[in-house]
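Here are a few exercises to work through with the model open beside you. Try each task before you read its solution.

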Amino acid sequence: MGLAEYAVPGAAIALVQDGRLTLVEGFGVRDLATGAPTTADTVFQLASVSKTFTAATVAALVDRRKLDWEQPMVSLLPDFRLHDAYAGRWVNARDLLTHRAGFPAFFGDLFDHLGYGDADVLLRIRYVEPATSFRDRPAYSNIGFFLAGELAAKAGGQPFPELTRSLIFEPLAMTRTGVASTLVGSAAVPGSLTDVSRSHALVGDRLQVVPPNLSALFIAAGGFASSANDLGRFLTLLARGGEIDGRRVLSETAVKAMFEPVIAEEPGFAEFPPIDADSGFDYAPGWGVYHYNGLKVLEKGGALDGVRTLLLVVPQKRFAVAILANRNLTAAPARPTCNPGSGPRPADAKPPSRPLAAYTGTYINDLWGTWTVAEHNGSLEVLAGPARYRAPLTPWNGDTFHLLWPGVLSAPVQVPFASDSAGRVSGFDYLGYGFRRVAP
């Protein structure tokens with residue numbers, strides 16, 4: 001009934017009651033194009049539910065005394081800097097995992113597609129201008145979780161995905177959990193699986209399979225994939241306070257630290273009832289926290305192109321549930337949100353003041369790197385970063401263009417071009433960051 005109500009092709013659930021996994025099941029189809037069924041072993045992209053594994057990895061390192069929640073990042077990565085020097089000196093795992101490092105909300109995900117490596121992005125993040133004072137207010141940030149993954153990797157002596165596998169996935173026998181770009185990429189990728197849920201979205205008025213949005217860099221923020229069966233193991237561990245099958249994987253202290261509220265937040269567009277003004281809403285490491293009927297509830301949702309995911313844990317009842325759905329922006333398990341775009345084009349919009357060729361060239365910015373504006377088939381396009389990530393530039397109003405990155409959830413960004421005293425195009429602005437032209 002739920003699949004029909006929300007027009008979701010397929011979903012899978014895992015249910016833990018009184019610390020025991022009592023139900024794991026798949027429903028509907030994993031791929032509308034083939035009609036292949038969803039099973040309890042079907043692998044879904046987890047999107048931001050991946051953040052709960054990042055927090056668990058840090059907790060496991062704290063258990064092993066290789067890292068401390070409050071240990072400044074610079075103690076392990078001495079060359080690390082932030083735009084705010086004070087924040088750069090003191091920021092720690094707890095700050096990064098609870099969105100209180102000062103980064104702008106929902107900013108920087110583009111780095112997943114530009115082709116830069118971890119070390120280069122780690123260096124460039126010092127140019128991100130803060131949106132709030134350090135530890136003043138939270139703002140949901142995938143950059144923060146990328147940094148938490150880098151910190152964990154340094155403390156654990158392994159690349160982050162391998163570290164999470166060795167500390168969490170392998171001890172829990174989660175054999176169908178790992179990096180999404182490997183597991184669900186394609187049959188040509190070594191290690192990819194066949195029982196995989198495909199991404200679905202409305203294209204025009206037709207629900208269809210769309211390309212997956214796969215993390216190349218921000219694995220710690222949204223780059224894992226898993227099945228309902230495997231997530232049932234993880235949720236059982238959390239519901240039982242770190243123990244499963246008579247073995248302790250995380251200490252009770254570590255689980256308590258993950259579930260402890262750190263900073264309060266106003267419920268936003270991603271929260272829905274029973275979260276309201278009376279329930280409260282806080283961030284704990286990797287989780288959102290609210291209260292319902294006197295019970296503490298831990299919740300983490302995720303969304304990517306064609307994917308919606310949710311984990312929920314009620315520690316006092318040793319209850320937990322996972323829901324995985326293969327349609328984007330669906331109310332199963334979360335209410336719809338809208339893509340605001342940038343409004344209608346002005347009625348008196350002007351054409352570009354110059355021929356398109358006048359805007360072409362190479363432009364650079366300290367944060368985003370080198371981008372090329374090129375003319376192709378009578379239109380402009382951006383080729384961004386080493387990957388030459390491609391997006392069209394469409395005339396909008398005079399010397400302001402619209403830039404639209406690929407992806408179902410992308411919204412256009414207004415990009416105004418500037419001129420020098422000689423009237424020659426000299427640069428452009430992207431989200432407040434100025435690019436200067438360095439070559440015609």
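A residue counts as buried when its relative accessible area is under 20%. Keep in mind that this is a predicted model.

**Exercise 1.** Which residues of helix α7 are buried, and what does α7 pack against?

*Solution.* Start with the span: α7 covers residues 160–169. Applying the cut-off there picks out Phe 160, Leu 163, Thr 164, Leu 167, Ile 168 and Phe 169. Next, look down the axis: these residues sit on the same side of α7, because they cover an arc of only 160 degrees around it. Finally, list the partners of the buried residues of α7. Among the helices these are α2 (50–63), α6 (142–156), α9 (219–222) and α10 (228–239), and the strands β5 and β8 join them.

**Exercise 2.** Work out the strand order of the open sheet that has three strands.

*Solution.* Begin at the edges: β4 (43–45) and β5 (178–179) each pair on one side only.

**Exercise 3.** In the largest nonpolar core, which residues touch the most other members?

*Solution.* The core has 107 residues, and the answer is Trp 368 and Trp 371. Sort by element next: α6 gives the most to this core, with nine residues. Then check what's left over: another core, of 11 residues, lies apart from it and includes Leu 15, Tyr 140, Ile 263 and Val 321.

Conventions:
Residues numbered from 1 in each chain as written. Predicted model: local features only at pLDDT ≥ 70, side-chain atom pairs only at ≥ 80, totals over all residues. Heavy atoms only, no water. Pairing = 2+ DSSP bridges. Helix = DSSP H or I, 4+ residues; strand = E, 2+ residues; numbered from the N terminus. Buried < 20%, exposed > 50% of the residue type's maximum accessible area, 1.4 Å probe, protein only. Arc of directions from axis to C-beta. Contact = heavy atoms within 4.5 Å. Core = buried A, V, L, I, M, F, W, Y, C linked by side-chain atoms within 4.5 Å.
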